[in-house]
Amino acid sequence: MNIYEIESLNISGRNFAFKSISEFLGKDFQNQPFVFDGLLLTICIKGKAKITINYKEYLIDANSLIVILPKHICSIRDCSSDLNIRMVLVSSDFLCHLPITPDFDLLKSMIIRPCVKLNERKLDDLLKIHTLINRYNSDDKLTRQIQDTLIHSMILIIASSFGNLSLNPEHIFSRQETLVRNFFDILIHSCEAKRSVSYYADKLCVTPKYLTTVIKSASNLPAQKWINEAVLISAKRYIMTTDMTIHQIADSLHFLTASSFVRFFRIHTGCSPLEYRKRMNQSL
């Protein structure tokens, strides 16, 4: 089975894009698995379809919103003839520039329940913001800042839809669901100081192998990948929002040396922290 990978070049260097599914996968998109290394938001305007995320099935219809996390394998099938969905693709780099602190409670909600129903007002607001983003479509610096602010607003509106969710009080979480929730609880408090799976496994009283298996089953990414991503988010925020030196950032993230931090960053991003800072500043 071939899995179509939506690459960063598909979003034209702007770090986000609004497209229909057929613009990425063609008219025969049904049953075509796809994956994106960023945040993928699917908003159903009209019609019905079934969408699978890591082989778990969800039904979408009008006003449905599905949040698909990085590297999750998805496909859409059983579409009604009037299906109208919009896809919002946001790169990992863009997410690191958001002027908000990552909320792992939201992340847990999105993993366990990725599909929510938007009320009419929120859907209308999102579509209006979408229109404004397309209206401010040029490469001058001020217009790009306007677009960035608008996409920030859209993401916050979407996040609020998950933040307002209340789980059914009668719902009993399985042992694996509880483990996933507790893992992210510890991760948000410890990611800048602790980077080994064994640390989190010890805290959760399970073996590293079992923790990795459960987290990968729930999120399609192993525990170590989530730990590394959490560290990278913090590192990129320091790089882009402060004047801290690389040595200072390495100290804040509890790396033994600046060179070990640079090596970690290069392995996971393909560039050094200074190169990343320069590239991101040039794109602003």
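User: Hi! Is Arg77 buried, partly exposed or exposed?
Analyst: This is a predicted model, where local features need pLDDT of at least 70, side-chain atom pairs count only at pLDDT 80 or more, and totals for chains, interfaces and linings use all residues. Residues are numbered from 1 along each chain as its sequence is written, and side-chain values use heavy atoms, leaving out hydrogens and water. Buried means under 20% relative accessible area and exposed over 50%, with partly exposed in between (1.4 Å probe, protein chains only). Arg77 has 26% relative accessibility, so it counts as partly exposed.

User: Which residue does Arg77 meet in a salt bridge?
Analyst: A salt bridge here is a side-chain nitrogen of Lys or Arg within 4 Å of a carboxyl oxygen of Asp or Glu. For Arg77 the N to O distance is 2.8 Å, and the partner is Asp78.

User: How many residues apart in sequence are the parts tied together by Asp78 and Lys50?
Analyst: These two form a salt bridge too, with their closest N and O atoms 3.7 Å apart. Asp78 sits in the loop between β8 (74-77) and β9 (84-91), while Lys50 belongs to strand β5 (residues 49-53), so the pair ties together parts separated in sequence by 28 residues.

User: Which residues are linked with Lys50 in a network of salt bridges?
Analyst: Asp78 bridges to Lys50, and Asp78 also bridges to Arg77. The network links Lys50 with Glu57, Arg77 and Asp78.

User: Which helix has the lowest confidence in the chain?
Analyst: Here pLDDT, from 0 to 100, is the predictor's confidence in each residue. The chain's mean is 80, and 82% of its residues reach 70 or more. Helix α7 (residues 197-204) is highest at 95, whereas the lowest mean, 63, belongs to residues 104-112, helix α3.

Methods
Helices (H or I, at least four residues) and strands (E, at least two) are DSSP runs, numbered from the N terminus.
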